[in-house]
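These are my notebook entries on a single structure. I set down what I looked up, in the order in which I looked.

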Amino acid sequence: MKTIKVALLGFGTVGSSVYQTLQSRQSKLERLIGRKVEIVGVLIQDETKQRDIADGILVTSSFEELINVCEIDVIIEAINGIEPGAGYLQSVLEKGIHVVTANKELLAHEGKSLRETADKGHAQLKYEAAVAGGVPIIGTLQQLLQVNHISNVEAILNGTSNYILTEIADNKVSFQEALHAAQELGYAEADPGNDVDGWDAFYKLMILSDLLLGNQPDWTQVTRRGIRSITLADIQAVETAGWKIKHIASLQVHEGKARLRVEPMAVSQGHPLYEVAGVDNAVSIDGDLAGNLKLQGPGAGALPTASAIVEDFVQLYKETDNRKAIMDTTFSAEDPSRLQDWLIMAPSIPKTAAVKQRWSGKQANSNTYLVSATAEELENLLQAGRISNYFRLAGAGREIQDTVPVLT
Ligand SMILES: NC(=O)C1=CN([C@@H]2O[C@H](COP(=O)(O)OP(=O)(O)OC[C@H]3O[C@@H](n4cnc5c(N)ncnc54)[C@H](OP(=O)(O)O)[C@@H]3O)[C@@H](O)[C@H]2O)C=CC1
Ligand SMILES: N[C@@H](CC=O)C(=O)O
């Protein structure tokens, strides 16, 4: 069984997280792909930096050394900017080495030419991580929405901008403080101007344009506005009017013509992007058959981006047998003695009931109780005919803070 040999270009926020994910998911990868995966080399810029990389893996600042010394099946690229990455990827694709990249700036500029080289070299070029971080929008559009006519895509594509707008609105921090936090969290680009001036979302929109329309518009015809000029006063005024400011990339097709824009917009409650907060990205798609679909999740950061990259990597090799289970797990029976949180509809719950009663302080009416109880205790209440209905709690707010006996 031949081992798959992988080289990483870049060992920053994304590259190091891909490294850790590939190392820690060895057995899962082997089960999915049917082959061992070995990282053979890492390209970096600064050889003096301390890095947590296992002995035996070549760490070098010379691309030539990496390519000449290591036998490589797949290159995972996570460095900044167009060059030197574009030149590196052209040369490896020519040789038939597969590429997985997170680099949207490079793809927006050179995607077409890289795809042509990949075709000639019989190599694959994958780039899920380049648009919307951990949200699988590329795969969804490529594989699952091919028959639909897509008339409208509206998306939050820059995690840093969404994070900054949310922080200013919710925590009243300054623009600079919010940007600094986004940098600390590994969300921002090496040059954060790319984020806050709308370039990053613009590049991602161009990648979507390539994918959906087979081409990009004249860049000078595309509106591109960032979030730099937005103040807390703007945000508060817009929110008072019942709207929220969101940085949105859009692609609208009308009468056979596409219009692309990147701009801060005021969105109303009920709009698919209204509730998208923090570092989350979301893509809302209108398909003529599917209707409106929305994909949402972390749009930046080490692990979500590594997730998209490693999923792409698996797709390069995944056996065609899709009946193979994705996860290797067994089933567990309900533990009747485990305390769980429930919303119970009941006229009253007797003090004698073996239920530890807790009240959230948010009861909608006097017949609704939030209780913590085991499945057995709940069953007893049901048997006693005390409960008209019950629901296990899910989502935010299920941590009940105050412990107040409900009944006297
Ligand atoms: N951060 C995120 O959330 C996301 C980032 N991306 C994209 O992934 C890529 C990497 O981002 P990120 O990890 O955040 O960036 P970082 O700045 O954290 O890391 C960049 C890495 O690339 C290396 N590098 C830079 N220039 C060169 C060069 N000329 N030759 C060799 N190595 C070089 C750096 O080397 P050294 O360590 O020596 O400085 C570093 O290891 C970018 O294209 C970014 O747009 C995509 C999705 C999400
Ligand atoms: N800087 C980017 C990183 C992911 O693409 C962002 O904030 O979205």
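**Entry 1**

I began with H122, which is exposed, because its relative accessibility is 71%. The cut-offs I used are these: buried means under 20% relative accessible area, exposed means over 50%, and partly exposed lies in between, with a 1.4 Å probe and protein chains only. H122 is not a glycine, yet its phi is positive, at about 55°. I found H122 in the loop between helix 5 (104-121) and strand 6 (125-126). Helices (H or I, at least four residues) and strands (E, at least two) are DSSP runs, numbered from the N terminus.

I then turned to E255, whose phi is near 50°, again a positive value in a residue other than glycine. E255 belongs to the loop between strand 9 (243-254) and strand 10 (257-268). Its relative accessibility is 73%, so E255 counts as exposed.

**Entry 1. Basis of the values**

I note that this is a predicted model, in which local features need pLDDT of at least 70 and side-chain atom pairs count only at pLDDT 80 or more, while totals for chains, interfaces and linings use all residues. Residues are numbered from 1 along each chain as its sequence is written, chains are lettered from A and ligands numbered from 1 in the order in which they are written, and side-chain values use heavy atoms, with hydrogens and water left out.

**Entry 2. The chain as a whole**

I recorded 13 helices and 16 strands in the chain. The C-alpha trace spans about 80 × 55 × 50 Å along its principal axes. Of the 408 residues in the chain, 48% are buried.

**Entry 3. A cis peptide bond**

Which residues does a cis peptide bond join? I found E83 and P84, with omega at about 10°. P84 is placed in the loop between strand 4 (74-77) and helix 4 (85-94).

**Entry 4. Ligand 1**

Next I looked for polar contacts, which for a ligand are pairs of N or O atoms within 3.5 Å. A polar backbone atom of F11 is 2.8 Å from an oxygen atom of ligand 1. For Q45, a backbone N or O atom lies 2.9 Å from an oxygen atom of ligand 1. E189 takes part through its side chain, with a polar atom 2.6 Å from an oxygen atom of ligand 1. On its own, ligand 1 has 890 Å² of accessible area, and the protein covers 88% of this. Such areas come from the Shrake-Rupley method with a 1.4 Å probe.

**Entry 5. Ligand 2**

How many residues are around ligand 2? I noted 13, and K104, T160, Y187, E189 and D195 come nearest. The shell around ligand 2 divides into four nonpolar, four polar and five charged residues. Helix 7 (159-171) and helix 10 (199-213) each supply at least two residues of this shell.

An N or O atom in the side chain of K104 is 2.5 Å from an oxygen atom of ligand 2. The corresponding distance for a polar side-chain atom of N158 is 3.4 Å. For K204, an N or O atom in the side chain is 2.8 Å from an oxygen atom of ligand 2. Taken alone, ligand 2 exposes 250 Å², and the protein buries 94% of that.

**Entry 6. E189**

E189 lies in the loop between helix 8 (175-184) and helix 9 (193-196). Because its relative accessible area is 23%, E189 is partly exposed. I also looked up G81, which is 108 residues from E189 along the chain, and the C-alpha atoms of the two are separated by 9.7 Å.

**Entry 7. G385**

Is G385 buried or exposed? G385 is exposed, because its relative accessible area is 58%. I found G385 in the loop between helix 13 (375-383) and strand 16 (389-392).

Technical notes
A polar contact is a pair of N or O atoms within 3.5 Å; within protein, one must be able to donate a hydrogen and the other to accept it, and residues adjacent in sequence count only if both atoms are side-chain atoms. A residue is near a molecule or strand if one of its heavy atoms lies within 4 Å of it. Ala, Val, Leu, Ile, Met, Phe, Trp, Tyr, Cys and Pro count as nonpolar, Asp, Glu, Lys and Arg as charged, and the others, Gly among them, as polar.
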